[in-house]
Amino acid sequence: MAPRGAIKGTGAPDPVAASGLSSLPMQEFLSAIQAGASGDELSAIPLPDSYRAAFVRRDEVGVFDGLASEDKDPRKSLHVSDVAVPELAPDEAYVAVMASAINFNTVWTSIFEPLPTFGFLDRLGKESKWGKRHALDYHVVGSDASGVVLRTGSAVRLWKPGDRVTVHCNYVDDQSPSAHDDSILADNERIWGFETNFGGLADLAVVKANQLMPKPRHLTWEEAAANALCNSTSYRMLVSKNGARMKQGDKVLVWGASGGLGAYAVQYVLNGGGTPVGVVSSPSKVELLHDLGVEAVIDRKVANYHFWKDEHTQDESEWRRLGKDIRALVGDDVDIVFEHPGRQTMGASVFAAKRGGIIVTCAATSGYMIEYDNRHLWMKLKTIKGSHFANYREAWDANRLVCEGKILPPLSAVYPLTQVGEAASKVHKNLHEGKIGVLCLAPEEGLGIDDPELRARVGEDRITLFRRHGG
Ligand code: NAP
C-alpha cells in the first residue's frame, strides 16, 4: 500500500504535507481507548490504511554532508506525516501508541550518523518476505512506546487486543539457535525503530509479540513510555549476570548520571545497597541528583577536567585528579564504572576503576575510537565489559521494578509528536535531563493511570521529580 501523500516515484511521504496537522487516521481507536473499550470492541474497529508517524527520508540522507555533528539539526530531517499501515506478520502485534520517548538512537538516525539507518532496513529487507516490508524510502523511528494492543498475528499466544503495554526494543527472530542462550547475542538481533522500520514515534507501531510487557499501572502513558530502552540497558549493565553483577556496598561511577541511562543507573546502585558517584554538568543536575538520593556528585564543568591535552594526547594527571575527587567523596576507588561517553572519558574510566574493577560500556557518544593506558588495565586486573540493550528476560525484570514503583520514570519534559524534531534536538544538544517523552495518540499529559492507590504509595513527588526539575 502506498503512503498517503507519497512523492511520485520514491514511495516516500511528502514532507510538504508533513505538517502533522492531517486528521488522525487513528482517531476512532483513540476515542474507543479513552472510553474504556474492551478488546472485542477494539477488534471490531477497522484498521485505517495509514497512520501518523515520525520518519527520516532516504532522499535526504546527504542533507547534512560537510556539517559538524553538532550542526546537524534533527528538526530538519525528522518529518511527521501519514504513512501506510504495513501487513502484520503472524508473530506480531499492532499497538496503538499513546506515548513514546526520545532516545539517542533517534538522534543518530536523524543526523545520519555514524551511518544512515537505511542500510539496516535494506539488510532486513533481504531476510524474508516479512523483512521486505521494512526496506522503504522512509524510516519510521522510535524505540520506546506505551499503548494498547489492537490486533495480534495468528501465532501470538500471550497477548490480546485491549492489553495495555509497554514495548522493549530487542527485535529478535527466534528461529536462529543463536537467539536461545542470551537473545541479545542472536545473529540477527536488531533494535526496533532503529534497525527496523515501524518504530514507536507514531500513532501505530508494529512489534513482535516478544517485545511486549505490561504497562506500569500507576504511571501515565508518557511516564510509562519513557523507560524500556534506557532502564533495560542500565539493568543489564549493572545488575544482570550478563553485566557487571553489582554487589551490595559497591561504589559505582556513573557518567551522565542525570541523563537517560544514568538516571536509571544511579537508582539501581541505590536500590542495590551501593554508593553511586554521579557525574553531571550543571548545578541544577547536581541538585536533581541530590533530590533523588545521590549524595556524591561531581559537576564536571566545575571540575573542568581535560582528559585530552590535545586531539592525540591524554593527560594522566587529569585522570589522577578525577580519582582523587572520587576518593574525597566516597573514600575509595570505584568497583564499577558505568561508561557511555566513550572517547572523551574512557581513558579516565579505565584509570578510575579500582584494582579488579569493571568498566561496563554500551556506547561512545563523544567518539568510538577510544584510547586507554593498557598498563592500568592488566596490572590492576580490570575488565572492560561490552553491553548492548537487554534480552527479554532482563527487559521484563527491569520493567517489573518500574511496575512495583521501585524504579522511577525520569521523565523531565513532554512534546507532542508534531514537535519530535525539537525534542530530538534537545537531546542532541544535551539540553535535557533524564528522558523526554512524546505524546502520540494521547491528547494530553496525565492520562492512563490505572492504579492511583499504588501511585499514591510510591509518591507523586518522587514520580514527578524530573518533570518538576525539567519545568
Ligand atoms: P543522554 O540522555 O543524552 O545522556 C547522556 C549523558 O552523558 C549526557 O546527559 C551528559 O551528561 C553525558 N555526556 C555526554 N557527553 C559527555 C562527555 N563528552 N563527557 C562526559 N559526559 C558526557 O543519552 P543516553 O540515553 O543516556 O545515552 C547515552 C549514550 O548511550 C548514547 O550514545 C546512546 O546512543 C547510547 N545508548 C546505548 C544503548 C545500547 O543498548 N547500546 C542504550 C541506550 C543508550 P552531563 O552533561 O550532565 O555530564
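Predicted model: local features only at pLDDT ≥ 70, side-chain atom pairs only at ≥ 80, totals over all residues.
## Ground rules

Local features here need pLDDT of at least 70 and side-chain atom pairs count only at pLDDT 80 or more, while totals for chains, interfaces and linings use all residues. Numbering runs from 1 along each chain as its sequence is written, and side-chain values use heavy atoms, with hydrogens and water left out.

## Ring pairs

Searching the whole structure turns up 10 aromatic pairs. Rings of Phe, Tyr and Trp (its six-membered ring) pair if their centres lie within 6.5 Å; planes under 30 degrees apart are stacked, over 60 edge-to-face, and the rest tilted.

One of the pairs is Phe120 with Phe194, a tilted one at 5.5 Å centre to centre and 55 degrees between the planes. Phe120 is in helix H5 (residues 118-125) and Phe194 in the loop between strands E8 (190-191) and E9 (204-208), so this contact ties together parts 74 residues apart in sequence. Helices (H or I, at least four residues) and strands (E, at least two) are DSSP runs, numbered from the N terminus. Both Phe120 and Phe194 are buried (under 20% relative accessible area, 1.4 Å probe, protein chains only).

Trp319 and Phe351 are tilted too, because their centres are 5.9 Å apart and their planes at 40 degrees. Trp319 and Phe351 are both buried.

Trp159, Tyr392 and Trp396 make up one aromatic cluster.

As for charges, the end of Lys208 sits over the ring of Tyr171, 4.8 Å from its centre. Lys215 lies over the face of Trp221, 5.3 Å from the ring centre. To count, NZ of Lys or CZ of Arg must be within 6 Å of the ring centre and within 35 degrees of the ring normal.

Technical notes: Buried < 20%, exposed > 50% of the residue type's maximum accessible area, 1.4 Å probe, protein only.
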